Every structure is written in C-alpha cells, then in structure tokens.
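Please open the model in your viewer and keep the selection panel at hand.

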Amino acid sequence: MKWIFCLGVIFSIIFGIISNKMDNVSIAAIGGSKAAINLFLSICGAICFWNGIMNIAQHSKITSSIAKIFAPVLKKLFKNPSKQAIEAVSMNVSANLLGLGNAATPLGINAMKNFQKSNKNNNSASYNMILFCVLNTSAIQIIPTTIATLRLEHGSTNPMKIFYPTLISSTSALLASILAVKIFSKLWGVKHK
Amino acid sequence: MTDFFIPIVIAIIFLAGITKKIDIFHIFIEGAKDGLKISISILPVLIGIITLINMLAASGFLEYMCKILEPLFSIFNLPQELIPLALFRPISGSGSLSFLEQIFKNNSPDSKIGLIASVLIGSSETTFYTIAIYFGAVGISKTKYTLPAALIGDFVGMIMSVVSVNLICG
C-alpha cells in the first residue's frame, strides 16, 4: 500500500510536468479530501442502513441458513475459515450476487475483521484475506442492473443483451484471479522460506 | 422486476425477524450504529486514495498510459476507443461510468463498441478502491500480492469481454 501511495504521487508530479498540467494536479491535491468527504457522505448512510438490516438477518438466523448453502465451497476455497468468517463471506457474496453493492461493503469489512482475528501477523495480509479481497474486486453479480439501466437511458433496444457475455467475462476474471492468488501464494511461500 | 427487488429483500428480512420474535427496531439501530463505526474507519482511507486518484487523473498520467499500452491492447482486439475505459475501470468508478456514457453517446449502446464497453464495466470492479477500503478497515498495510492477482483478473475480464461479445452478439 505504501508503494502505491508513493508511486502515485511521484507519477502525478512527473506526468503533471510532462503534460504541463501541474495547476490541475495541485487543485486535485487540495480538493481531493473534499471529494472523499462527498463520497463518504453518499455511502455512509447506505452502509449504516444495510448494516442495520443485516443485523436483523443475523439475529433471525437467515445468515446462518445462507451460510449453509455456501459453506461447502467456501471451506474448500479458504484455509480453515472460522464459522463467523464463513457466515460473513456468504452474506457478502449473496449481497454481491444480488447487486446490492452498498450492502456488500459492510459485510465484506465484517468478513475481513473475522479473518483478522485468526491472522498471525496483524500488519500483513493473510491468504484468506487476499483471496476474499480478490473475490470482491471481480464483480460477482447475476444481473448487471446499473449498466442495464444506463444502456436503457441511452436508447438501447435490448439492455439485457449483455447478460451472457457479462456472466462469461466476470466468471473468467474471477477464476483467473483465484488462480493467480493460488500461484502467487506458493511463490510467496518459497521466497520467504 | 428490479424495482421490486430491494423492498422485497428488506421485507423478507423484517418478517423473518418478527416471526423469530426479536425486537427488529432495536437490532436495526444497533447494526446501523456499527455501520457508522465501519464508515468512520474507512474515511481516512477514502481521503488518501481519492486524493491520490484525483491527482493522477489530473496529471494526464492515464492519457500517456493509453498511448504506451495501445500496442498491447490492440493484440487482444480491444477497440481503440475503449482503451481509456479499460485503464480507468480499476482506478475510478465514477470516472469509468462517465467514459461509458460518452461511448454510448458517440456510438449506440447496441453497437459492438457499446456492447463491449457495457460488458467490460459490468464484469469488473473498482479494484484499487476495494482493496484500499477492505485492508484499510482492518488496518493492514502489507497487502502482498493482492493487487497483482486482482489486476490479472481485470485483464482477463477485459480480454473475455471482447471475446464473449464477438462470440454471442456476433
């Protein structure tokens, strides 16, 4: 993370000089925090709301029944996940599948906190965390609602024509990143022994 | 159909809570309170990452990357108009959506370029943002191989969106 931050700043200065846009870069540096607060305000309410709703789901045992559906797959995918972690991951995956992005974020953070409990080094990402994060960077959703709506607004005659192609490409992206995590974790293990 | 979806999910959860005889209002408030804590915990990460992304976008970095990476993308038959979209996608959600709208305006959403763009956006996520939020929320700074693995996924998704549109939509 620190390298991303460092390289990001260096790149923006270098390219700002090359393209003579340093004025824009400094405006962005000053205004960035304001943009972040605006984004925060727009997602904060949704995170609170869905976390409240999901708390009800958890207390009424919906969560554990959904977790039972996903548990067999998740137990194979993750290394010794705790019961709470399986529940949190299942809820995050189902929220993602249903296209409820705002509900998926707090559930995902919840899952990360559960993985953190069994993490040996609290400053460094565990295999389970990396795998889970990668599940979320690939868009796992059944109906691409946002895009379909946008297509409709711009006069598409068949907004859902993208259904199967989207399914194919998101599934292959997901499989590719899972495979990459498996391979990288082996390489990383070898390098640090 | 999709209009019914969210209210029905909420209603099902409420009804399940009532049949299990739990105080759904109290439990909701408790959960929402935790949600506020979660939101606060990701705020510093947001400020850092959004400022950085805005600076990079303002510096013209992506325009140069488009030029540099053009030969690579053209190997995979990605139309030239879509290169900025593919590069922006993992970095900025709102940025790539405005690119998509631009593409819909210049070409119809049902044209091949419009279709590939839709699939590209629909099958990927704002990778940098997701990683920053998830690891930031638990205070982990060493993300090891998370980013490369995620970017490999994004790249495969990009190739496959071209392939699948050609295959299915002709």
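This is a predicted model: local features need pLDDT of at least 70, side-chain atom pairs count only at pLDDT 80 or more; totals for chains, interfaces and linings use all residues.

Begin by selecting chain B and colouring it by secondary structure, which comes to 8 helices and 0 strands. The radius of gyration of chain B is 20 Å, well over the 15 Å that the globule rule gives for 170 residues, so the chain is more spread out than a compact globule. If you orient chain B along its principal axes, its C-alpha trace spans about 60 × 40 × 30 Å. Buried residues account for 53% of the 170 residues in this chain, while its accessible surface comes to about 7700 Å², with 69% of that belonging to carbon and sulfur atoms.

Next, turn to the largest pocket, whose volume is about 1600 Å³. Select Gly101(A), Asn102(A), Thr146(A), Glu125(B) and Thr126(B), which are the closest to its centre of the 50 residues that line it. By class, the lining of the largest pocket holds 28 nonpolar, 20 polar and 2 charged residues.

Move on to the second largest pocket, with a volume of about 720 Å³. Of its 30 lining residues, the closest to the centre are Leu87(B), Pro90(B), Ile91(B), Phe128(B) and Leu151(B). Among the elements that give two or more residues to this lining are helix 1 (2-18) of chain A and helix 8 (146-168) of chain B, and helix 8 of chain B supplies the largest share, 7 residues.

Note on methods:
Residues are numbered from 1 along each chain as its sequence is written. Chains are lettered from A and ligands numbered from 1 in the order in which they are written. Side-chain values use heavy atoms; hydrogens and water are left out. On a 1 Å grid over the protein atoms alone, a cavity is a set of points where a 1.4 Å probe fits but cannot get out, and a pocket is an open set with protein on both sides within 12 Å along at least five of seven lines; lining residues have an atom within 4 Å of a point. Grid points are joined across faces, edges and corners, and a volume is the space filled by probe spheres set on the points. Ala, Val, Leu, Ile, Met, Phe, Trp, Tyr, Cys and Pro count as nonpolar, Asp, Glu, Lys and Arg as charged, and the others, Gly among them, as polar. Helices (H or I, at least four residues) and strands (E, at least two) are DSSP runs, numbered from the N terminus. The radius of gyration is taken over C-alpha atoms; the globule rule is 2.2 Å times the number of residues to the power 0.38. Buried means under 20% relative accessible area, exposed over 50%, partly exposed in between (1.4 Å probe, protein chains only). Accessible areas come from the Shrake-Rupley method with a 1.4 Å probe; for residues, only the protein chains shown count as cover.
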